[in-house]
Amino acid sequence: MNRRPSRRARQRLAWVGLVLVVGTALAVGTGRGSTPPSAAKRAVSIEAAVRCPSCEGISVLDSSAATAVAIRRAVAARIHAGQTDAEIEAYLTSRYGPGILLRPPVHGATAWVWVLPPAALAAGLAGIAVVLWRRRQPDRVWVPAPDRALVEAALTARGGGEGERGR
Amino acid sequence: MNAALGHSGVWLGLVASLVGAAVIVVGLARGRPEGTRAGRSYAVLILAGAVASTVAMERALLTHDFSLAYVAANNSRATPVLYSITGMWSALAGSILLWGLILSGYIAAMVWRFRRRAADPLVAWATLVTFVVAAFFFGLMAGPADPFRTVSGPVPSSGLGPNVLLQDNPLVAFHPPVLYLGFVGFTIPFAFAVASLVTGRVGEGWQLATRRWALFAWGFLTVGIVLGAWWSYQVLGWGGFWAWDPVENASLLPWLCATAYLHSVLVQERRGLLRVWNLSLVIATFSLTILGTFLTRSGVIQSVHAFSNSDIGPLLLGFFGAVLAGGVGLIAWRGDRLRSPGGIDAALSREGAFLVNNLLFVGFAFVVLLGTVFPLLYEAWRGQQVTVGAPYFNTMTVPIGLALLFLMAVGPALPWRKATLATLRTRLVVPAWAGALVVVACVAGGVRGLAPLAAFGLGGFAAAANVRQLVLSARTARRHGTSVWWGLVGRANGGMVVHLGVVVIAVALAAATSFGHRGEVTLRVGASAVSGGHRIAFEGLAHERSPARTATEALVVVDGHGPFRPAVSQFGGGGAAVGTPAIESSWRDDVYLTIDALPVNAGGRVTIGVTVQPLVSWLWGGGALLVVGAALAAVPGRRRRATDPVSAPVPPPRSRRVGGVSADGPSRGPLESGSGETGADVERVDETVGAGSP
Amino acid sequence: MSAGVGQPTSHRRHTARWVAAAALVLGASLVAVLATRPSATATEVNTPLVGTRAPAISGTTLAGQAFDLASMRGRWVVVNFFASWCPPCQQEQPDLVAFAYRHRALGDTALVGVVFDDAVSSARGFARSSGATWPAIVDGGGQIALDYGVRGPPETFLVSPSGIVVAHLDGPVTAAQLDYWLRREQSGVT
């Protein structure tokens with residue numbers, strides 16, 4: 001362990017430097033949400049989350065169907081009129097029902113679809129952790145009573161006492 | 001004539017599979033090897049039946065024999081030759097025929113490959129399972145999904161022609177057959193898994209026997225999925241290549257389980273662990289191919305692909321249920337035999353990494369499955385409709401994908417059994433710095449957003465880590481006196497190349513989805529405008545009129561290149577008009593052009609939709625890398641004889657028998673592995689002695 | 001998972017059996033749900049519009065006359081969104097013709113059509129060739145379809161005499177179904 005301390009120290013430095021560099025870069029790269037999105041950007045983000053009602057599973061942004069065009073026009077008009085994203089989605093939901101949004105609502109009965117996968121993954125990881133932790137415990141061999149009696153009988157039959165009972 | 005030939009082919013296949021299954025059962029019950037061996041000849045009969053039906057169908061399509069209802073619905077006199085041939089798999093009944101053909105081919109190949117072990121109960125049971133599956137699919141064709149049903153009433157003079165979207169791109173000739181080669185290919189590992197459970201031989205034998213089969217099936221499935229994405233990109237008009245469509249999800253689900261299986265198998269080969277995982281993954285993969293076929297063919301969830309509502313839905317669902325129940329039941333029955341000799345010693349080890357890898361892939365599959373069927377479940381429960389679309393899948397799968405990228409970097413550097421952080425720190429410092437530099441370069445280049453930066457950084461990390469493995473392997477090869485290129489073949493090295501392909505695809509996905517630009521330009525003839533950083537010029541309209549296609553094309557010049565021809569087309573002289581996009585591809589980005597509005601009157605303005613997405617061509621490049629990696633992994637690597645000392649040079653394989661796993665059973669025990677690993681282990685032993693790992 | 005030699009056989013077996021049973025139950029419920037999906041006829045859809053005031057329909061009919069839904073107040077109105085290119089619309093058209101004929105004589109229910117994403121000439125030809133006698137409004141820009149939350153034709157709405165949407169039917173309707181729903185809503189209101 002102490003054969004090449006300078007190498008270890010260099011390595012430590014390399015990793016610490018790495019963490020600093022990446023941390024700074026990420027801080028720079030993910031900050032700056034200052035400017036509010038433009039009307040066009042808002043329209044794109046709303047339209048990407050609204051389903052084209054007469055198509056199979058694509059968004060209003062991607063579709064050229066008549067219903068999609070109508071919804072895009074309505075969204076643009078409402079953005080221009082100053083409505084918020086939530087109000088526009090509420091308007092569309094009041095016409096088509098919650099199925100018009102490509103993202104199932106987070107509240108209510110559809111919350112299951114959001115909660116189940118992270119819960120399942122967490123349960124899986126916890127299961128792995130538990131199993132591995134149990135592995136670390138000293139081996140406790142659980143011997144059923146009949147087997148124990150058999151071994152005892154065989155050992156006493158051989159004439160050995162406590163001393164010959166190995167393991 | 002065609003109908004008669006087709007029907008006889010189908011019935012031949014059905015009867016041969018049923019009788020063959022019966023013969024094998026009798027042979028097994030009586031313990032007579034002749035019985036089980038005789039089952040092999042039935043495989044030839046099944047193949048003959050499938051080939052006869054295929055020939056009949058193709059002949060009917062090429063000669064426009066409209067007395068067959070299928071031909072009348074999917075072909076017309078104006079259909080070009082290519083699309084007549086591909087018409088065989090354009091719709092439901094024909095695609096079952098394609099499945100039957102490919103399945104028969106695989107069964108015949110399997111029977112030939114294991115011919116010397118035909119008396120072995122393991123092989124016999126596996127053959128039996130494949131016969132039962134074949135009987136199911138031929139039974140579908142003999143009954144509800146009859147491709148050779150004749151038209152009731154007078155024979156029409158021409159047919160409806162193929163679906164419009166299936167006529168405007170030659171990829172229709174490749175995507176379905178390749179995808180089916182993948183789907184159907186998993187029948188063989190599944191059959192062997194069931195055989196191992198039934199015979200109680202749940203060790204590693206069945207896995208070693210089917211290793212290359214699983215790899216080939218995985219390879220084809222991967223190519224099929226990538227081709228599907230490419231095809232929808234070229235045809236469907238919104239510049240997207242993956243819409244989390246139920247049918248796309250149906251092909252992704254078995255792929256996820258198969259990928260997990262390919263990784264998890266390594267742990268069982270090395271240490272005999274994770275047996276229940278591996279059996280479950282193989283059974284899950286096969287079940288999901290059946291479930292996927294059900295979801296696609298029954299129309300139960302509408303999607304871009306859903307061809308028809310049909311009677312085979314309940315049958316496919318029933319088969320899926322039977323496979324699932326049977327598989328789960330078998331595993332429960334053999335539960336005691338599936339205990340492994342040993343366990344995972346430490347969480348930080350390659351076994352631990354593979355276990356977490358399994359969990360992540362299964363979690364991914366769970367997300368995709370839940371999202372696909374949740375609308376149905378919700379509607380059954382609440383009576384209301386809800387949509388689970390791309391935003392949900394993206395939100396849920398991006399974290400899993402990032403975690404997988406991280407594992408891809410760390411996993412190959414982890415030693416077996418137990419690792420220390422010191423070991424990892426030493427091995428991964430250079431790749432980690434590579435990833436850090438990528439992040440810095442991206443931020444400096446103006447990239448913003450946590451998910452894309454994390455994807456690029458982890459991608460750089462993983463790429464560097466995998467390249468490190470390849471370099472170590474090549475160095476070992478040179479040290480042992482063989483050509484450096486031997487360091488690039490074999491399972492481990494092929495796997496590293498596959499990982500590189502995945503990194504390229506991940507980076508492309510992150511770039512294309514986070515930094516795409518969508519716009520429209522409205523131009524008169526001769527005018528141009530800038531959209532998304534490119535100059536778009538409109539040069540005029542062109543009209544094409546041929547029996548196959550009537551189209552109005554816009555001649556568009558992008559940055560001086562072109563002209564590109566986005567169009568509005570009608571196929572076969574009738575039917576709906578569809579937009580056909582045109583794409584200008586470069587290694588940097590793709591400019592995707594569609595006609596959003598044609599001029600109302602002559603000399604008017606045309607509205608062209610312009611979608612610019614960076615790095616899309618990297619997707620297809622990454623897909624090619626995946627195929628190259630899979631091919632490399634299939635090549636037998638260099639193996640050392642188990643009795644030679646660890647430092648002995650590894651000779652290049654003289655023959656398949658020495659190098660690979662021969663069909664006659666494993667010639668090496670589970671401790672053998674590709675030279676890449678062993679060589680690299682040697683390398684690592686040299687390294688870590690100095691650092692003094694405990 | 002196969003970790004842990006030191007576990008008793010019976011305990012291990014039971015774990016495997018429980019996991020297998022759970023997987024089987026989940027699989028069976030999935031199969032049960034997938035197996036019980038509805039078929040393709042008109043179904044009543046429960047959208048948020050049902051029970052609220054019917055959005056305005058005003059415009060020009062295929063025959064060129066002005067039309068406003070408000071003028072129908074006081075009668076039951078069946079609003080039918082259709083298109084000439086849609087096969088289920090073609091399938092339900094004879095039933096609608098029969099329904100319209102019967103109720104025009106009675107005078108209690110009016111039938112109104114709205115053209116969904118179709119060329120005026122095609123819609124006109126479709127209406128004429130099927131013998132439709134009721135006014136069909138041209139929906140410029142799809143705004144009426146948006147207001148009513150129409151995903152795709154054919155969709156039919158039942159509007160009460162006070163102007164409330166009482167039913168939303170998705171898919172091709174038959175005359176018998178329309179009569180059934182009318183009777184159900186009429187007995188409910190009065």
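## Loop residues in chain A

A:Ser64 sits in the loop between helix H2 (39–48) and helix H3 (66–80) of chain A, where helices (H or I, at least four residues) and strands (E, at least two) are DSSP runs numbered from the N terminus. The model is a predicted one, in which local features need pLDDT of at least 70 and side-chain atom pairs count only at pLDDT 80 or more, while totals for chains, interfaces and linings use all residues. Residues are numbered from 1 along each chain as its sequence is written, chains are lettered from A and ligands numbered from 1 in the order in which they are written, and side-chain values use heavy atoms, with hydrogens and water left out.

With a relative accessibility of 66%, A:Ser64 counts as exposed; here buried means under 20% relative accessible area, exposed means over 50%, and partly exposed is in between (1.4 Å probe, protein chains only). The C-alpha atoms of A:Ser64 and A:Cys52 are 9.1 Å apart in space, and the two residues are 12 apart in sequence.

A:Thr110 belongs to the loop between helix H4 (85–96) and helix H5 (111–136) of chain A, and its relative accessibility of 2% makes it buried. Leaving aside residues up to four places away in sequence, A:Thr110 touches A:Pro104 and A:Pro105 as well as B:Phe374, B:Tyr378 and B:Val386, a contact being heavy atoms within 4.5 Å.

## Disulfides and other cysteines

A disulfide is a covalent bond between the sulfur atoms of two cysteines. It is assigned here to a pair of cysteine sulfur atoms within 2.5 Å, and by this rule the count over all chains comes to two disulfides.

| Disulfide | S to S distance | Angle about the S-S bond |
|---|---|---|
| A:Cys52 to A:Cys55 | 2.0 Å | 60°, right-handed |
| C:Cys86 to C:Cys89 | 2.1 Å | 90°, right-handed |

A:Cys52 and A:Cys55 are buried, and C:Cys86 and C:Cys89 are buried as well. Elsewhere, in chain B, B:Cys257 counts as buried at 7% relative accessibility, and B:Cys442 counts as buried at 16%.

## Backbone geometry

Most residues other than glycine have a negative phi, and most peptide bonds are trans. Against that background, B:His64 has a positive phi of about 55° although it is not a glycine. B:His64 is found in the loop between helix H2 (33–62) and helix H3 (69–74) of chain B, and is buried, with a relative accessible area of 16%.

B:Asp559, again not a glycine, has a positive phi near 50°. Its place is in the loop between strand S4 (549–558) and strand S5 (561–564) of chain B, where B:Asp559 counts as partly exposed at 35% relative accessibility.

In chain C, the peptide bond that joins C:Pro153 and C:Pro154 is cis, with omega about -5°. C:Pro154 lies in the loop between helix H4 (143–148) and strand S7 (155–159) of chain C.

## A sheet in chain B

Strands of a sheet pair through backbone hydrogen bonds, either parallel or antiparallel. Chain B holds an open sheet of four strands in the order S1-S10-S9-S8, with antiparallel pairing; two strands pair if DSSP finds at least two bridges between them. Strand S1 (517–523) and strand S8 (582–585) of chain B stand at the edges and each has a single partner strand, so one side of each is left without a neighbour in the sheet. The twist from one strand to the next averages 25°.

The antiparallel pairing of S8(B) with strand S9 (residues 589–597) of chain B extends over four bridges, and B:Ser585 stands opposite B:Asp590 in S9(B). Helix H9 (residues 205–235) of chain B lies across S8, S9 and strand S10 (606–614) of chain B, and runs at about 45° to S9(B); axes are lines fitted to C-alpha atoms, for helices over the stretch in contact, and angles run from 0 to 180 degrees between N-to-C directions.

## The largest nonpolar core

In soluble globular proteins, nonpolar side chains tend to be buried together. A nonpolar core is here a set of buried Ala, Val, Leu, Ile, Met, Phe, Trp, Tyr and Cys residues joined through side-chain atoms within 4.5 Å. The largest such core has 190 residues, and those with the most contacts inside it are B:Phe137, B:Phe192 and B:Tyr392. Helix H6 (residues 121–142) of chain B gives the largest share of this core, 15 residues.

B:Tyr392 touches residues of chains A and B, among them A:Pro104, A:Val113, A:Trp114, B:Val367 and B:Leu370, not counting residues up to four places away in sequence.
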